[in-house]
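Subject: Handover of the structure and notes on it

Dear colleague,

Please find below the structure that I am passing on to you. My notes come after it, and I would be glad if you read them with the model open.

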Amino acid sequence: MIERRTVFKAALAAGAALVAAACSSTNDGTALPTGAAGADGEGSQPVAKITAEPAADAKDVPVLKPAVLKVADGKLTECKLTADGGKAVKGDLTPDGLTWTSSEPLGYGKTYTYAAKATGSDGKPVEFKGTFTTVSPAKQVRATLNPADNQTVGVAMPISVKFQSPVKDRKAVEKALSVKTDKEVEGAWGWLSDSQVDYRPKEYWPQNITVNVEAKLYGVDLGGGAYGKADVTTKFKIGRNQVVKVNTPDHQMHVYRGGSQVKSYPCANGLDAEVDRNTPNGTYIIMTREPTAVFDNARYGYTNVNKKWACRFSNHGEYIHENQDNAANIGKNNNSHGCVNLLEADAKDYFDSAMIGDPVEITGSKLSPPMASDVKDWNYSWAAWQGLGAK
């Protein structure tokens, strides 16, 4: 009698252990359904199985990686992913009910919670719950993009992405950048510093086209614990093709429109006898248009000199501007400190035709291009420019 009761109690204990095991979950975060064993011990557990990626308890999950819930041997009936504070993440369930995928970027340094249900092919329900956390950057780096939206610029205008702090992973950045035009254009990205990457075409942009730029930098690992703070985009237009050409010994500034010369103005350029005062050779762009500008150069003894109709084409200090005070030399002698001097009426006429991004080509000088200028993109050969891309 005692032995029979002992065996009976042991059998009950074994049954309880079997039910308890059916309520557990696997180590990889996969849900195991609840259910009671049958009299024969077979078919006690539903066949459906829900899995998640990222897995439950995952850490430092990339924010651009979508969360995915899948079910085998069944169909998902409820899928929910919530962030800290209970805000639901948008997502889409496939028509066959087998896969749910989040459709919006995740946030940095957040904990997300899964709650999913499914019905198996055997008609039995299963549930899945779990959490994961996303990467928390040491620094979020903001970027700016130029030209800005809706601008119309000249055919030499580069696209410039500037970061508020240096970037270590240049390849990752370039993968996040795209340039689309309504005409085929060959171009490339080149790094001018650790915090600036520019895009320029091999030749000047075709005139009258639209350029769309996307810098999808949010979530991009920039290296050293830094990540992109936000995406930036721009859509701008390239205007008419206008090019300024100055061969300094000729004392003439020629303006070409669509490849044909439309204007020629007498000018005075940088002093020939002093190389440091030469107007430097190179290809530049119009960077600013200033109805009046103040010039100071303590090295050469002048300060607070006001001139009209000034178009800056280099941060080295070069402008195209009015200098009526130098009328006696304009068209005859080069005696400036590097600027292109024009008579007042001619300066106003050119100023009215100029556009930010117009190319300015200087030849005939003894001074090489100043590579410290902000916009030096066109002073690299195409092969050299391509060499500035991420290695």
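This is a predicted model: local features need pLDDT of at least 70, side-chain atom pairs count only at pLDDT 80 or more; totals for chains, interfaces and linings use all residues.

Residues are numbered from 1 along each chain as its sequence is written, and side-chain values use heavy atoms, with hydrogens and water left out.

I begin with the cores. A nonpolar core here is a set of buried Ala, Val, Leu, Ile, Met, Phe, Trp, Tyr and Cys residues joined through side-chain atoms within 4.5 Å, where buried means under 20% relative accessible area, exposed over 50% and partly exposed in between, with a 1.4 Å probe and protein chains only. The largest nonpolar core has 36 residues, and those with the most contacts inside it are Ile-159, Phe-163, Trp-205 and Leu-217. Among the elements that each supply at least two residues of this core are strand 11 (159-163), helix 2 (170-175) and strand 18 (232-238); helices (H or I, at least four residues) and strands (E, at least two) are DSSP runs numbered from the N terminus. A second, separate core of 25 residues includes Ile-50, Leu-69, Leu-76 and Val-89.

Next come the pockets. On a 1 Å grid over the protein atoms alone, a pocket is an open set of points where a 1.4 Å probe fits, with protein on both sides within 12 Å along at least five of seven lines, and lining residues have an atom within 4 Å of a point. The largest pocket has a volume of about 460 Å³, a volume being the space filled by probe spheres set on the points, which are joined across faces, edges and corners. Its lining has 22 residues, of which Asn-297, Tyr-302, His-337, Gly-338 and Cys-339 are the closest to the centre, and strand 23 (288-297) and strand 24 (302-312) each supply at least two residues of that lining. The second largest pocket holds about 330 Å³ of space, and of its 17 lining residues Asn-146, Met-157, Lys-162, Met-287 and Val-375 are the closest to the centre. Strand 9 gives the most to this second lining, with three residues.

Thr-134, in the loop between strand 7 (125-133) and strand 8 (139-141), counts as buried because its relative accessibility is 4%. The side chain of Thr-134 has a polar atom 3.1 Å from the backbone nitrogen of Gly-109 and also reaches the backbone nitrogen of Lys-110 at 2.9 Å.

Asn-334 lies in the loop between strand 25 (319-322) and strand 26 (340-342) and, at 6% relative accessibility, counts as buried. Its side chain reaches the backbone nitrogen of Asn-269 at 2.8 Å and makes a polar contact (a pair of N or O atoms within 3.5 Å, one able to donate a hydrogen and the other to accept it, with residues adjacent in sequence counted only if both atoms are side-chain atoms) with the side chain of Asp-272 at 3.2 Å.

Ser-365, in the loop between strand 27 (359-363) and helix 4 (382-386), is buried with a relative accessible area of 13%, and the side chain of Ser-365 reaches the backbone nitrogen of Leu-367 at 2.9 Å.

With best wishes
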